[in-house]
Amino acid sequence: MSALLTYFRPDTRTASGALLAPARWQPLEILFWLFAVSLFWLAPSKVLLLNEIAILALFALSLDLILGYAGIVSLGHGAFFGLGAYVAGLLGKHGLHDPVAGLLISGGVAALLGFVTSFLVLRGSDLTKLMVTLGVALILRELANKFSTITGGADGLTGVTMGPVLGLFEFDIFGKTAYAYSLAVLFILFYIARRLVNSPYGLLLRAIKGNSLRAGAMGVPTSLRLVIIYTIAAGYAGIAGALLAQTSQFVSLDVLDFHRSADVLLVLVLGGSGQLWGAVVGAIAFKIMYDFLAAITPQYWQFWVGLVLVLIVLLGKGGILGFYGAGRDWLANRLGKGGVR
Amino acid sequence: MLTILSDGIAYGMVLFVLACGLSVTLGLMNFINLAHGAFAMAGGYLTVVLMNRFGVSFFLCIPAGFLVSAALGALLERTLYARLYAKSHLDQVLFSIGLVFMAVSAIDYFMGAQQQLITLPPSLQGRVTVLGVSIGVYRLFVIAICLVLAIALQLILSRTRFGSQLRAAVDDARVARGLGINVSLIFTFTFAFGSGLAGLGGVLGAEILGMDPTFPLKFMIYFLVVISVGGTTTLTGPLLASILLGIADVAGKYYVPTVGSFIIYTIMVVVLILRPQGLFGRAHAR
């Protein structure tokens with residue numbers, strides 16, 4: 001029992017303990033994943049929504065890697081999402097029906113685009129980054145629109161067929177397989193991202209975000225580090241897009257729309273950027289909010305999304321997790337134990 | 001051919017009026033305001049409502065569009081924007097995107113999603129022949145107004161006391177405050193002026209660009225292209241850039257409609273990569 005306790009709460013007074021602490025899985029995190037799996041039986045009627053949440057969480061996670069950890073602002077992250085979706089859709093349409101292989105290829109293609117464009121994005125100020133990322137996304141959307149013989153253009157890409165996952169699980173119309181599939185992918189990639197951001201490399205990224213000039217002076221090859229994370233994040237986004245294409249078996253121009261990139265930003269700041277859980281919590285909150293608003297005002301829900309964005313910025317940083325952390329510290333102080341961390 | 005050129009110039013001029021307000025807030029005040037198009041939309045819709053519902057003359061709508069948008073800008077600057085100057089660029093982006101979403105839905109709610117049309121007064125309809133080229137009277141009118149405006153702006157910024165105070169406030173707000181310059185008032189005034197210009201652009205552009213609720217999103221990229229290609233250090237940069245953009249866009253849509261907006265985005269990305277400070281901008285001395 002005490003061994004378990006030292007695992008969950010390493011001695012933060014030592015340097016190694018303080019560095020290890022965030023890398024340890026908290027009981028709450030393990031509970032969350034168990035709960036997510038149990039929803040498969042607890043809420044079978046909601047699996048379609050849950051599938052969307054898992055995909056959105058993965059997409060937000062990929063943005064968190066570059067925005068929250070490396071400090072790269074992007075208005076065009078949807079480009080990689082859309083590219084992944086189209087690659088997966090085209091693969092499914094033209095012969096490769098194995099979902100996992102399609103997923104890997106889509107992620108690879110998106111990562112390749114991320115690698116190539118990273119050299120453009122890493123130049124210049126925040127404003128230049130915003131415009132270049134936006135420009136890349138717009139170019140991609142125009143391409144998808146113009147090459148309508150390949151992509152289906154405005155009508156969307158239909159006729160995507162998917163084989164069973166791992167040759168065992170057929171996709172069903174209720175979305176059960178889809179949810180299990182997306183959740184599994186999300187968990188694996190979340191686990192990898194968690195290892196990544198808590199590794200020395202992840203700490204370097206945070207150093208670069210904090211002050212890239214000083215990080216460079218310390219001997220960190222900043223551009224190279226940023227290129228790597230941008231590539232990885234692009235691959236993540238591509239996989240998220242591929243998941244959407246495979247589970248819905250349809251791709252439309254909508255995946256490359258500007259609002260995708262804006263929505264995912266909102267998801268991340270809503271949950272709290274700079275923490276991996278922010279992406280997951282944000283995705284849940286966003287989808288619930290969206291469902292709620294779309295039911296009340298189907299046409300004008302965007303107004304409330306805008307209002308939420310404005311309020312988040314005005315009321316301070318950290319999103320939901322920020323409030324949670326602040327509340328927890330406040331409670332801990334009131335109970336006279338000092339801060340938890 | 002020359003008609004396309006003149007149409008392109010008029011289109012570019014409207015883009016300039018729309019974008020130069022942004023060039024002031026973005027370039028001088030270093031605030032990434034993606035909601036600039038929303039102020040333009042305010043001016044455009046004001047014109048639509050005034051002309052179509054109340055029968056107000058178009059010539060009265062021009063100053064009205066400027067004043068109402070400027071007032072709106074001043075109000076928002078005092079209540080909301082002023083808190084964001086010190087925040088990160090990401091916060092500014094999120095905030096202004098939020099404002100855009102709200103504006104788009106609000107206009108959709110009150111005015112409907114369809115494109116709004118206005119009828120120009122008879123004196124601005126028709127065509128005239130200048131130096132053997134047939135030009136629409138309205139296009140000529142727009143070009144004239146915009147040219148006057150561009151020159152006036154350049155003079156205000158470089159020659160007047162207000163212009164030098166503004167430049168001082170932007171260069172170093174603390175020192176400017178120490179010298180007795182009311183920095184926040186200057187910022188409010190500048191922001192209001194920029195928003196007013198956007199509104200004016202909206203009025204003039206209602207006929208050329210078309211007004212529908214997605215206007216701020218649709219033209220956001222155009223403003224950004226003008227700013228990024230033209231640079232923000234001078235006013236002539238954005239002016240030349242917007243004229244080029246206008247001609248390229250009109251000619252592109254006319255001659256190679258299949259390529260569409262693709263060219264413009266590519267040009268923007270290429271320019272940003274080769275010359276991050278803009279084609280006509282000087283590298284920052286600071």
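**Contacts, helices and surface of chains A and B**

Asp108(B) touches residues of both chains: Gln299(A), Tyr300(A), Ala113(B) and Pro213(B), with residues up to four places away in sequence not counted. The model described here is predicted. Asp108(B) sits in helix α4 of chain B, which covers residues 89–111. Its relative accessibility is 13%, so Asp108(B) counts as buried, the limit being under 20%.

Chain B holds eleven helices and two strands. Along the sequence, their order is α-α-α-α-β-β-α-α-α-α-α-α-α. The C-alpha trace of chain B spans about 55 × 45 × 35 Å along its principal axes. A compact globule of 286 residues would have a radius of gyration near 19 Å, and chain B agrees, with 19 Å. Of the 286 residues in chain B, 56% are buried. Contacts in chain B with a separation of 6 or more were also examined. Residues 24 or more positions apart account for 77% of these contacts.

Ser6(B) is buried because its relative accessible area is 8%, under the 20% limit. Ser6(B) and Leu140(B) are 134 residues apart in sequence. In space, their C-alpha atoms are 8.3 Å apart. With neighbours within four places in sequence left aside, Ser6(B) is in contact with Ile135(B) and Ile143(B).

In chain A, helix α14 runs over residues 276–296. At 1.5 Å a residue, its 21 residues should span 30 Å. The end C-alpha atoms of helix α14 are 31 Å apart, which agrees. Buried residues of α14(A) include Leu276(A), Trp277(A), Gly278(A), Ala279(A) and Val280(A). Further along, Gly282(A), Ala283(A), Phe286(A), Lys287(A), Met289(A) and Leu293(A) are buried as well. In an α-helix there are 3.6 residues a turn, so residues three or four places apart point the same way. The buried residues of α14(A) pack against several helices of chain A: α3, α4 (47–69), α9 (176–198), α13 (258–271), α15 (301–315) and α16.

Lys287(A) belongs to helix α14 of chain A. With a relative accessible area of 13%, Lys287(A) is buried. Lys287(A) touches Leu49(A), Glu52(A), Ile53(A) and Leu56(A), residues up to four places away in sequence not being counted.

Leu28(A), Ile30(A), Leu31(A), Leu34(A) and Tyr324(A) make a nonpolar surface patch of about 510 Å². Helix α3 of chain A, residues 27–42, gives the most to this patch, with four residues. Tyr324(A) is found in helix α16 of chain A, residues 319–334. At 42% relative accessibility, Tyr324(A) counts as partly exposed.

A loop residue of chain A remains to be described. Gln249(A) is not a glycine, yet has a positive phi of about 50°. Gln249(A) lies in the loop between α12 (222–248) and α13 of chain A. Its relative accessibility is 27%, so Gln249(A) counts as partly exposed.

Technical notes:
Residues are numbered from 1 along each chain as its sequence is written. Chains are lettered from A and ligands numbered from 1 in the order in which they are written. This is a predicted model: local features need pLDDT of at least 70, side-chain atom pairs count only at pLDDT 80 or more; totals for chains, interfaces and linings use all residues. Side-chain values use heavy atoms; hydrogens and water are left out. Patches are made of residues with over 30% relative accessible area and no salt bridge: like charges are joined within 9 Å, nonpolar side chains (Val, Leu, Ile, Met, Phe, Trp, Tyr) within 5 Å. Accessible areas come from the Shrake-Rupley method with a 1.4 Å probe; for residues, only the protein chains shown count as cover. A salt bridge is a side-chain nitrogen of Lys or Arg within 4 Å of a carboxyl oxygen of Asp or Glu. Buried means under 20% relative accessible area, exposed over 50%, partly exposed in between (1.4 Å probe, protein chains only). The expected span of a helix is 1.5 Å times one less than its number of residues. Contact means heavy atoms within 4.5 Å. The radius of gyration is taken over C-alpha atoms; the globule rule is 2.2 Å times the number of residues to the power 0.38.
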